[in-house]
Amino acid sequence: SLGSPQPLPPGSSAGDQNLFTSVYPTLSQQLPREPMEWRRSYGRAPKMIHLESNFVQFKEELLPKEGNKALLTFPFLHIYWTECCVSTSEGKRTRGGIGLKMSVALCMEGLSQIVCSCLCRCVVLSDPLKDSSRTQESWNAFLTKLRTLLLMSFTKNLGKFEDDMRTLREKRTEPGWSFCEYFMVQEELAFVFEMLQQFEDALVQYDELDALFSQYVVNFGAGDGANWLTFFCQPVKSWNGLILRKPIDMEKRESIQRREATLLDLRSYLFSRQCTLLLFLQRPWEVAQRALELLHNCVQELKLLEVSVPPGALDCWVFLSCLEVLQRIEGCCDRAQIDSNIAHTVGLWSYATEKLKSLGYLCGLVSEKGPNSEDLNRTVDLLAGLGAERPETANTAQSPYKKLKEALSSVEAFEKHYLDLSHATIEMYTSIGRIRSAKFVGKDLAEFYMRKKAPQKAEIYLQGALKNYLAEGWALPITHTRKQLAECQKHLGQIENYLQTSSLLASDHHLTEEERKHFCQEILDFASQPSDNPGHKIVLPMQSFAQLRDLHFDPSNAVVHVGGVLCIEITMYSQMPVPVHVEQIVVNVHFSIEKNSYRKTAEWLTKHKTSNGIINFPPETAPFPVSQNSLPALELYEMFERSPSDNSLNTTGIICRNVHMLLRRQESSSSLEMPSGVALEEGAHVLRCSHVTLEPGANQITFRTQAKEPGTYTLRQLCASVGSVWFVLPHIYPIVQYDVYSQEPQLHVEPLADSLLAGIPQKVKFTVTTGHYTIKNGDSLQLSNAEAMLILCQAESRAVVYSNTREQSSDAALRIQSSDKVTSISLPVAPAYHVIEFELEVLSLPSAPALGGESDMLGMAEPHRKHKDKQKTGHCMVTTDHKVSIDCPWSIYSTVIALTFSVPFRTTHALLSSGTRKYVQVCVQNLSELDFQLSDSYLVDTSDSTDLQLVPLNTQSQQPIYSKQSVFFVWELKWTEEPPPSLHCQFSVGFSPASEEQLSISLKPYTYEFKVENFFTLYNVKAEIFPPSGMEYCRTGSLCSLEVLITRLSDLLEVDKDEALTESDEHFSTKLMYEVVDNSSNWAVCGKSCGVISMPVAARATHRVHMEVMPLFAGYLPLPDVRLFKYLPHHSAHSSQLDADSWIENDSLSVDKHGDDQPDSSSLKSRGSVHSACSSEHKGLPMPRLQALPAGQVFNSSSGTQVLVIPSQDDHVLEVSVT
Amino acid sequence: MAVCIAVIAKENYPLYIRSTPTENELRFHYMVHTSLDVVDEKISAMGKALVDQRELYLGLLYPTEDYKVYGYVTNSKVKFVMVVDSSNTALRDNEIRSMFRKLHNSYTDVMCNPFYNPGDRIQSSGSVSLSRAFDNMVTSMMIQVC
């Protein structure tokens, strides 16, 4: 039988009806048992399906007519059944056996198929009602065949249907095309797929219809109207929402079929089908998501198509639909599933809440008084549009229909439903972490409560939302919410909170000028009304009222002495839109006695304060606490850690000093809306400024205070009072301090230059810090004169008086009176805490350094070398300290100051010989940084021996001496008679700084005294080397003879009278030791290198010594050194004893001990001590002693001589060293 | 054609927000702010994906009756939010994507400017030339008729 569409592709049967009836049970049972692979056109994936068929008796009218669109009721396959008897070789026929092989027993004909082959369409079913294997086999074959053919036919028909459908769709631009008609065709396809359990394919059909319709609406909106669409534009008369509880809403379907459906009907029906299929597909969350899209879309489409909708009708429709969808989903999911998919459904909840809210507002259910008659009329109209409740939900207590009806019925019921929905939505949002959305719904709720005059309930939602906006820095929502909160607080009578919010709003630039003025006026009105509790203060944070921008001290270093006046000028930036009269502005100051006394000095304080005295305060970043801008800038510093032992670098790095500021926890709980608990500090020290009018913008306010107690004053709080309202800045940061100090008068004397030079006028700066002492007329400094330091009085000396802040206040000529002992400097009159500065010139008289050297050190053979040595030892100038005692008028004690002068020169002298002629050389070395002009050099013999003449060999009288350079002077010593054993000399040279033009005073010359002893030459030593006999030149490796000639040049002199002198027969002789040393290892001395000779003390007495030496190298070789010593007999008292024999025999030792051929007094002494140390074991033994002859007494006439040595012929060894 | 374009810092405060002057500005501020909920959700869901494969475009954040809100997040977690009129059906996903890309490029230019401090607001009415180019670009997106 044909019937309603069931998931069965129908087939029709004809022929022997009784026969068919007999096999039918088996057929219908067996056919769906095996799945078939369904191959599909257009590349769609094959699917396995089970076929089930509905069989009806064939009738003529079942055959398709042209233009058939009913796929569902269409017979796909016709079967002709007939019984036939077949005789086979195997046995008898049964009645129930079917078919003779060649006859058509069973004819299956696909309708659209052309009958081309009968054979393949005939199937014999043998003994179908028996239970035998053969029967089974034939059944199987039959069923397979039937399935294949059925499916083939079905596919064919489906394909044809689809093609037809497409053709129809292509005609959609033609006039007269009807969407509803097409809808029915495509839905037919969807039904078929649904029947085949191919829900996905079925859904696609609806989605295509959906898209097609949407596109039409869009095109219509763009002006491309399809006339069939105008039908959907009829006014909305019914808004009873989606119906999702039936698989097919036949009522709506028929209205579409009849082309009577409205847009909402079509959409509703379409969605109900999509919903059904999606639920079959187990995709309930997609239903929720699509539902929200649909609802939004419908609202848009109605707008676009300009469909007339009664006010509130759409709200009803959306509300009902939301709830319907939610209930439908809840009906097919368990609680856990729902809870874990809130994110999908919460949108619907929120939308429903929103719609209910607007319905409530529309119907006057939110107002305080309840709905008026107009509201009631509207409500009635809205309820009428809902129609009667549908039978399927009639028994459901919580059906959307009942809910809406109830909610609109009374103010109380509305409140209940609205609150239920809102709370549910907020809770859901919160549970999935959508805090912002939750707050936003909460704000709606707050608005509702405010309308209901329940501000106490609204406050928490407003605070919550505001906190959220503040935390994320959203300015406009902050302003808006704050405005709502202000109203709420006003209703609640929270005066402090209201005033604070008002002050924030009054300073809010996102409000209009009028609004700001209103909130400002609210504060001023409150402040001006007489308080019932006088003295009660309302303390509010200052930030929103006015901001401290900068602060400026006068004096700028913020240091003031006791009794001084300090001005503090602050810039306050008023945030108020109108001028505000402030009774007083007070700065609370914390006083602390400074414990570090060194900090009290003006000097220290001056150095450690900001230079310009302006302190800037970072601008408040009030509404954006999270933004990076509010964080302080990184304060990075380099860090070096050195090892304590050797000061080497251990670690280095960068440290952030304000890490505690940057990494601190963001205070999530801090709310700017709450009274911040600002406490007014009551301090003993306050700076006050009364009756100030703060204009909008920057205002300068000056505080003036007279310093009293010394110590440090820290500015803590800034308060401004407007009536009983106090605006308080609880902490002034950065820290602002000023210092009050009391200071003892002080005198400082310091050189102007790095160091003072002796001998020339030098400037010294006197600084008198008056401290608490006032310099009166007649006060003076009494300087007790130091010896050898002059204070040069210059007429034009002036003293300058500076104020504490280094501003020059006056200057006066300095009166200086000098007597022998005392120099008196009268100070100019100066008030307390001032500074007097003046300069004086002083001159340290050059004093001769201690007598330089003894005769022993004189007569050096190589003075240049000595000079070099000295240079190495450094450039330290000799210094002299002069102590000056100064009596100050403020103290009974004298101040002693020490001035250190450096002598710019260092002088050395040397004795030079040429045979018996003697020369004195004086070297002046300039150690200072200055250039000098030297003049009038003199060398005089202070012992006044008339016999002696000093003949200068210097030509220029004027000579410059540059910084770090030396100048040499030479005199020849001449005498007629016997020269004195010693000579006392004084060298003097005039000097003046080369740069200075003219000196006011004549300068004393620089002097240098020294003594020269034993300068007369007693012996002449001459050495000569001869080549071996018969040779022209010396050769390396061959022995040469060395001849040393020692000649006495004078008769007995005073200097000869010592222990070595022996007298016999009026002839005097002395013992000398000679030694041949070759330090440069050019020569090998063969045999004894030294010996003791007895030398007659008489002029021209000569001693000749022969020795053999061997040259080791070729070339011009200098001769070996020959040294002479005085050989003294042993003397037990003498500490410096030497075993002559022991070291005469030991060549190497002698070389070491006489390595230094330039003995000066100090090295001689040290050598003596070395000798005594190493010869200590010989102490007490009678040993002769050696004494070096003073260099001036021996003249080596062969020094500098060289001998040519040629290489020996067989010496071909060439030493090459490679490194 | 967008009706509101917002750039939101990593810390979720607005760096730049501009809406069509004819509309209620406040409403868009609330809308954009609320949309951050979904942005956060999408970012945390995306967190599992590899960073280099991450899609910056977040798609439709949520629709409302009148507007569609789209999101985009840079690798430095700066968010772009664009509100489009629902009736403007011509704007497809691809157009929105390309608008976001343009916005991102323009924002990068602002960031590259040495006179811009990262994290500062991009002043929409300032005379500062660094934000002017960005502002002009936003203007072009808002008046652009698609």
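Reader: How many salt bridges does the rule find across the interface of chain B and chain A?

Author: The general idea comes first: side chains of opposite charge can pair when their charged atoms come close. In this predicted model, the rule finds five salt bridges across the interface of chain B and chain A. One pair to examine is B:Asp37 with A:Arg436, whose closest N and O atoms are 3.1 Å apart.

Reader: Which elements of chain B give two or more residues to the side that touches chain A?

Author: They are strand 2 (14-19) and helix 1 (25-46) of chain B. Helix 1 of chain B provides the largest share, 12 residues. Sorted by class, that side of chain B has 11 nonpolar, nine polar and 10 charged residues.

Reader: How many residue pairs are in polar contact between chain B and chain A?

Author: The count is 15 residue pairs, with both residues at pLDDT 80 or more.

Reader: What area do chain B and chain A bury between them?

Author: The size of an interface is often given as the accessible area lost when the parts come together. Here chain B and chain A bury about 2600 Å² between them, and 54% of this lies on carbon and sulfur atoms. B:Tyr30, B:His33 and B:Glu65 supply 29% of the area that chain B buries against chain A, more than any other three residues. In terms of contacts, 30 residues of chain B meet 30 residues of chain A.

Reader: What pattern does chain B follow along its sequence?

Author: Chain B has three helices and five strands, and their order along the sequence is β-β-α-β-β-β-α-α. Of the 146 residues in chain B, 53% are buried. Contacts also show how the chain folds back on itself: among those in chain B between residues at least 6 apart in sequence, 55% join residues at least 24 apart.

Reader: To which residue in chain A is A:Glu472 joined by a salt bridge?

Author: A:Glu472 forms a salt bridge with A:Arg436, the closest N and O atoms being 2.8 Å apart. A:Glu472 lies in helix 15 (residues 455-472) of chain A and A:Arg436 in helix 14 (residues 435-451) of chain A, so the pair ties together parts that are 36 residues apart in sequence. A:Glu472 is buried at 11% relative accessible area, and A:Arg436 is buried at 6%. A:Arg436 is also the partner of B:Asp37.

Reader: Where in chain A do A:Glu301 and A:Arg267 lie?

Author: These residues form a salt bridge with the closest N and O atoms 2.6 Å apart. A:Glu301 belongs to helix 7 of chain A and A:Arg267 to helix 6 (residues 263-280) of chain A, so parts that are 34 residues apart in sequence are tied together. A:Glu301 is buried, with a relative accessible area of 4%, and A:Arg267 is buried at 1%.

Reader: Is A:Asp207 buried or partly exposed?

Author: A:Asp207 is partly exposed, with a relative accessible area of 24%. The cut-off for buried is under 20%, so A:Arg290, at 18%, counts as buried. A:Asp207 and A:Arg290 form a salt bridge, with 3.0 Å between the closest N and O atoms. This pair links helix 4 (residues 199-221) of chain A to helix 7 (residues 284-304) of chain A, across 83 residues.

Reader: In what sense do strand 32 and strand 33 of chain A pair?

Author: Strand 32 of chain A and strand 33 (residues 917-926) of chain A pair in the antiparallel sense over 10 bridges. A:Thr908 stands opposite A:Cys923 in strand 33 of chain A. The hairpin has two residues between the strands, and A:Gly915 takes a positive phi near 65° there. Strand 32 (residues 905-914) of chain A is mostly covered, with seven of its 10 residues buried.

Reader: Which strands stand at the edges of the open sheet in chain A?

Author: The sheet has six strands in the order 21-31-30-23-28-27 (chain A), with mixed pairing. Strand 21 (756-757) and strand 27 (815-818) of chain A each have a single partner strand, so one side of each is left without a neighbour in the sheet. Strand 21 of chain A pairs with strand 31 (residues 894-902) of chain A in the parallel sense over two bridges, and A:Leu757 stands opposite A:Ser902.

How values were computed. Residues numbered from 1 in each chain as written. Chains lettered and ligands numbered in written order. Predicted model: local features only at pLDDT ≥ 70, side-chain atom pairs only at ≥ 80, totals over all residues. Heavy atoms only, no water. Contact = heavy atoms within 4.5 Å. Buried area = accessible area lost by both parts, 1.4 Å probe. Salt bridge = Lys/Arg side-chain N within 4 Å of Asp/Glu carboxyl O. Polar contact = N/O pair within 3.5 Å; in protein donor to acceptor, adjacent residues only side chain to side chain. Helix = DSSP H or I, 4+ residues; strand = E, 2+ residues; numbered from the N terminus. Nonpolar A, V, L, I, M, F, W, Y, C, P; charged D, E, K, R; others polar. Buried < 20%, exposed > 50% of the residue type's maximum accessible area, 1.4 Å probe, protein only. Pairing = 2+ DSSP bridges.
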